[in-house]
Amino acid sequence: MSNSYGNGDEGRVSRDTMLAQRFVTLADTLVDDFDLLELLDRLVESVVELLDVSAAGLLLIDQRGHLSPVASSSEATRLLELFQLQNQEGPCLDCVHTGSVVTVPALEEMHDRWPLFAPAAEEYGFASVHALPMRLRSETIGSLNLFNAGRPPLGPEEQRIAQALADVATIGILQQRSLHRASMLAEQLQTALNSRILIEQAKGVLAEYGGVDMDAAFHALRQYARNSGVKLSTAAEFLVRRELSPDEFVSLRPDRGTARAPVTASCRA
């Protein structure tokens with residue numbers, strides 16, 4: 001597999017080091033008041049960076065038993081996962097329903113199995129898909145979905161790494177609810193989904209205000225939250241409620257240089 005970490009032993013050491021750091025970062029979120037959305041966002045971010053896939057997304061089951069997209073590395077990924085949900089067809093849905101890995105090395109060979117999903121994925125520029133269950137023993141709560149555009153499908157080693165990262169996130173979600181896991185998990189996931197609505201609204205505000213696409217808008221929102229030490233959902237809520245000016249975020253666009261992210265009085269409160 002071609003990646004940005006070099007070749008041979010040197011490349012492996014570099015990636016192994018970064019992988020260890022990502023596991024530590026994910027583990028650091030496993031505290032009493034951890035931010036579920038931040039955990040899942042870091043998961044898709046880590047997979048794209050470490051495994052050289054084009055994009056990644058996450059589907060989780062809400063308290064009504066419905067699947068919803070809760071994290072994605074790009075707008076195209078989010079829209080494709082919504083497409084699967086709207087049409088009740090695709091490898092990511094099959095992964096959740098069966099609790100098993102679904103590997104699609106070449107989409108052109110899958111038109112008979114997913115006649116709606118396959119051409120839609122190709123239209124977004126993706127050539128292969130790997131869907132990995134977020135599962136602990138018999139309980140499946142979602143799937144981690146990896147999309148590749150014009151790159152070789154993931155090999156067995158890369159799939160194992162992706163599954164390990166998904167497993168850490170799954171344990172992080174479930175271990176907080178050991179006493180009343182079912183009801184508490186549903187409540188936490190529903191809160192995350194409600195926060196996702198705020199985040200999508202905030203992305204729209206930033207995209208319109210700054211004249212940027214949705215991916216750039218989300219980058220600005222996420223960077224502000226991290227630089228300011230506030231939760232992603234909190235930053236989105238302040239923006240949507242006009243307690244924070246869009247101008248604070250637009251300065252974080254990639255083409256505007258170093259980010260500045262002062263915390264307002266509302267955020268500090």
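Let's start at Glu-38, which sits in helix H2 (residues 36-51); helices here are DSSP runs of H or I with at least four residues, strands are E runs of at least two, and both are numbered from the N terminus. This is a predicted model, where local features need pLDDT of at least 70 and side-chain atom pairs count only at pLDDT 80 or more, while totals for chains, interfaces and linings use all residues. Residues are numbered from 1 along each chain as its sequence is written, and side-chain values use heavy atoms, with hydrogens and water left out.

**Glu-38**
- Glu-38 counts as buried because its relative accessibility is 13%; the cut-off for buried is under 20% relative accessible area, with a 1.4 Å probe and protein chains only.
- The Glu-38 side chain makes a polar contact with the side chain of Arg-226 at 3.3 Å (a pair of N or O atoms within 3.5 Å; within protein, one must be able to donate a hydrogen and the other to accept it, and residues adjacent in sequence count only if both atoms are side-chain atoms).
- Ala-225 lies 187 residues from Glu-38 in sequence, yet their C-alpha atoms are 9.8 Å apart.

**The sheet**
- Five strands make an open, antiparallel sheet in the order E2-E1-E5-E4-E3; two strands pair if DSSP finds at least two bridges between them.
- E2 and strand E3 (102-104) are the edge strands, each pairing on one side only.
- Strand E4 (residues 128-136) and strand E5 (residues 139-148) run antiparallel and are joined by nine bridges.
- Leu-132 stands opposite Leu-144 in E5.
- H2 packs on this sheet, touching strand E1 (55-61), E2, E4 and E5, and its direction makes about 145° with that of E1; angles run from 0 to 180 degrees between N-to-C directions, and axes are lines fitted to C-alpha atoms, for helices over the stretch in contact.

**Ser-72**
- Ser-72 belongs to strand E2 (residues 67-72).
- At 13% relative accessibility, Ser-72 is buried as well.
- Its side chain reaches the backbone oxygen of Ser-74 at 3.4 Å.
- Beyond neighbours within four places in sequence, Ser-72 is in contact with Val-44, Ala-56, Gly-57, Thr-77, Arg-78 and Phe-218 (contact means heavy atoms within 4.5 Å).

**H3 and H4**
- H3 lies across E1, E2 and E5, at about 170° to E2.
- Helix H3 (residues 75-87) packs against helix H4 (residues 91-98) at about 65°, with the axes 9 Å apart.
- Glu-81, Gln-84 and Leu-85 in H3 meet Pro-91, Cys-92 and Leu-93 in H4.

Key:
Buried < 20%, exposed > 50% of the residue type's maximum accessible area, 1.4 Å probe, protein only.
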